[in-house]
Structures are given as C-alpha cells and as structure tokens.
Amino acid sequence: MNIYLNGEPREVPENLTLAALLEWLKLPADRVAVERNREIASRSTWAETIIQPGDRLEVVHFVGGGAEIGVRSQESEARSQETEARSEKLEFWSWEGAWTIQQRQSF
C-alpha cells in the first residue's frame, strides 16, 4: 500500500495501525508524535487507527538531553557549543505546550 511519510512516497504493508507502523519502522513510540492527513493523531488512538492508501503521515522524532542543575563541566560546555553550531539543522516545535527539538528524518 502506498502512503506519504514525511512528504516522501512510501510503500508499507496493508492493514497497519499507526502503532504497528511505528513498530514496523522501529521507532520508539514514546519519543514520537504523529500527524495523519494534517491532524495530530492522539497517542490513545494509535492502536485502533488503520492507515489508508494515500494517507499523509508526518512522524516527528524528538531528541533531547540535559545535565544536572548547577553542574556544568568542560565537556558539557563543549557539547553546548557544538549544539549551537548545529542549530541551523534542527527545527523547533511546540508539542502540547512544551518546546522540544526534533530532527527531520527520512524513513
């Protein structure tokens, strides 16, 4: 069956639910958000939402990190500078009121 995944045509098995698609793509369900046909798909409906031919899906994979409060080593300072240097490659999204960073990926 043919769908669009992150703007690219993609062939996937028939009768997949959103949850099964994430498993098939080997993506951690706790670190992604899914938009189906321009509407955000609630995580609580993934197991029952069957993907249809021609569906347009956007899967956003969240990445993040951090350090203990008040602790900043030379290594974490260097990582911070590297992250700033790469920031033009990242997109910033607001998901349910919390700012997160995602890297757009092709699957």
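Buried residues are those under 20% relative accessible area, exposed ones are over 50%, and partly exposed ones fall in between (1.4 Å probe, protein chains only). Helices (H or I, at least four residues) and strands (E, at least two) are DSSP runs, numbered from the N terminus. The model is predicted: local features need pLDDT of at least 70, side-chain atom pairs count only at pLDDT 80 or more, and totals for chains, interfaces and linings use all residues. Residues are numbered from 1 along each chain as its sequence is written, and side-chain values use heavy atoms, with hydrogens and water left out.

Strand β1 spans residues 2-5. β1 is joined to strand β2 (residues 8-11) by four bridges, and the two run antiparallel. Within this pairing, Tyr4 stands opposite Pro9 of β2. β1 also pairs with strand β5 (residues 56-63), here in the parallel sense and over two bridges. On that side, Arg56 in β5 is the bridge partner of Tyr4.

β1 and β2 form a hairpin, with two residues between them. Asn6 sits in the turn, that is, in the loop between β1 and β2. Its phi is near 50 degrees, a positive value in a residue other than glycine. Most residues other than glycine have a negative phi. Asn6 is buried, because its relative accessible area is 7%. Asn15 also has a positive phi, near 60 degrees, and is a residue other than glycine. Asn15 is found in the loop between β2 and α1 (18-24). Asn15 counts as exposed, because its relative accessibility is 64%.

Asp55 lies in the loop between β4 (39-40) and β5. With a relative accessible area of 4%, Asp55 is buried. Contact here means heavy atoms within 4.5 Å. Leaving aside neighbours within four places in sequence, Asp55 is in contact with Ile3, Tyr4, Arg36, Asn37 and Ile50.

A salt bridge is a side-chain nitrogen of Lys or Arg within 4 Å of a carboxyl oxygen of Asp or Glu. The count by this rule comes to one. It is formed by the side chains of Asp55 and Arg36, at 2.8 Å from N to O. Arg36 is in strand β3 (residues 32-36) and Asp55 in the loop between β4 and β5, so the pair ties together parts that are 19 residues apart in sequence. Arg36 is partly exposed, with a relative accessible area of 23%, whereas Asp55 counts as buried.

The loop between β4 and β5 also holds Ser44. Ser44 is exposed, with a relative accessible area of 61%. A polar contact of 3.0 Å links its side chain to that of Ser42. Ser44 and Ala19 are 25 residues apart in sequence, and their C-alpha atoms are 9.9 Å apart in space.

Definitions and conventions:
Two strands pair if DSSP finds at least two bridges between them. A polar contact is a pair of N or O atoms within 3.5 Å; within protein, one must be able to donate a hydrogen and the other to accept it, and residues adjacent in sequence count only if both atoms are side-chain atoms.
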